[in-house]
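Dear colleague,

Please find the structure below. I would be grateful if you would read the notes that follow it alongside the coordinates.

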Amino acid sequence: QTSNRVSGFARGGEYVYAICGRDLVCLNSIDGAIIWSAELEGSSDLVACTPDGSIVIATSSVFDIEVNDFLESTIWRFDETGQLIRSDEINERPWSIEMREDGVAHLALGRPRCGMVRATVDGLHWFPLPSDAPATCGLAGRSNTVIGHADGSLTCIENDMVLDDGPFPKQPGSIESLGSTPNGLIVATAIESGAVGAGFGGAEGLARAYDLDGQLRWQIETPLGRNVEHVIDGPDLGGTPSVWILSWDGVNAIVDVRTETDGSPEVRFQEECRANVCIANSTNLAIGFDDGTLYLVQGELLARRLESSTDESLTDDHRREMAAKLRALRG
């Protein structure tokens, strides 16, 4: 039990670091015991740590209700004992964080500067990105890092080198979520009204799958009033990788499961509650909802049930065909 709502965590070595309200909490990953806790200024936002857990970086921000924006943020660096190594204040809020093994972190920023900061033990070093639009999200993928921007741009970073002209095209709206797949990237976009390339018109959200070279493989659109909020590479279903697309219309959450290769529909779920977070690997997927409900989906079991439902459908078709033949014979 921690001090407040848990909005993120990172695991390294034998530690789990969680951001809980105003606090950064270090827990033992074996028995869950709280080792130490540090109060941050403002509301805690992001957390990341080195693979061995020896260094952890957390961010916190202050929100001004009158101007309806974030005024300033602080980047905190601790060691595994809870000793504060340094803290740095900036006028932007970071929207994504990537931590390297050597303790260097990269944080993509919102307004006013946008761009990215490189956080080291010596301080912060700012540098621009190809897009001067605010960052909205980031993804440390299998082969590179991708930053999503409010203007629909996607910045690609390979081996700490920012590509001026990355492989992924600009999207027709703000980037909402990014997911890494075995063969490329899945992008969720909130379509701007009247945007060129937004599809057939009347769409609200867009999910697109790209290969590693930036070629569009498939896409789906959501109707007006329904926005795509999460996309993630899910467990294999019958040996085929899956992509899970979570959308919300203010009343119901829709979970669309598609094949990663061509976007063919596998199954659809609906819940009367908003999905807040999802995480997955090659065998399992978990989704957390607003009301505290947590669903754990086992890929192998789901694949068996889908196969079983298909077999039953084929059996029903066969029965109907046989019944028609019997009626014809009686006639």
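Predicted model: local features only at pLDDT ≥ 70, side-chain atom pairs only at ≥ 80, totals over all residues.

Residues are numbered from 1 along each chain as its sequence is written, and side-chain values use heavy atoms, with hydrogens and water left out.

Strands

Helices (H or I, at least four residues) and strands (E, at least two) are DSSP runs numbered from the N terminus. Strand 3 (residues 23-28) is largely enclosed by the rest of the structure, because five of its six residues are buried (under 20% relative accessible area with a 1.4 Å probe, protein chains only). Pairing requires at least two DSSP bridges between two strands. Strand 3 runs antiparallel to strand 2 (residues 15-20), with six bridges between them; Tyr15 stands opposite Asn28. Two residues separate these strands in their hairpin, where Gly21 takes a positive phi near 65°. Strand 3 also pairs with strand 4 (residues 34-39), again in the antiparallel sense, over five bridges, and Leu24 has Ala38 as its bridge partner. That hairpin has five residues between the strands, and Gly32 in the turn has a positive phi of about 80°.

Cavities

A cavity is a set of points on a 1 Å grid over the protein atoms alone where a 1.4 Å probe fits but cannot get out; a pocket is an open set with protein on both sides within 12 Å along at least five of seven lines; lining residues have an atom within 4 Å of a point. A volume is the space filled by probe spheres set on the points, which are joined across faces, edges and corners.

The structure holds two cavities of 30 Å³ or more. The largest has a volume of about 40 Å³, and its lining includes Trp76, Arg86 and Asp88. Strand 7 (69-79) provides the largest share of that lining, three residues. The second largest cavity, also of about 40 Å³, is lined by Glu41, Ser60, Ser61, Val62, Glu72, Ser73 and Thr74.

Pocket

The second largest pocket has a volume of about 270 Å³. Of its 13 lining residues, Trp244, Phe269, Tyr295, Leu296 and Val297 lie nearest its centre. Strand 27 gives the most to this lining, with four residues.

Yours sincerely

Terms used: Buried < 20%, exposed > 50% of the residue type's maximum accessible area, 1.4 Å probe, protein only.
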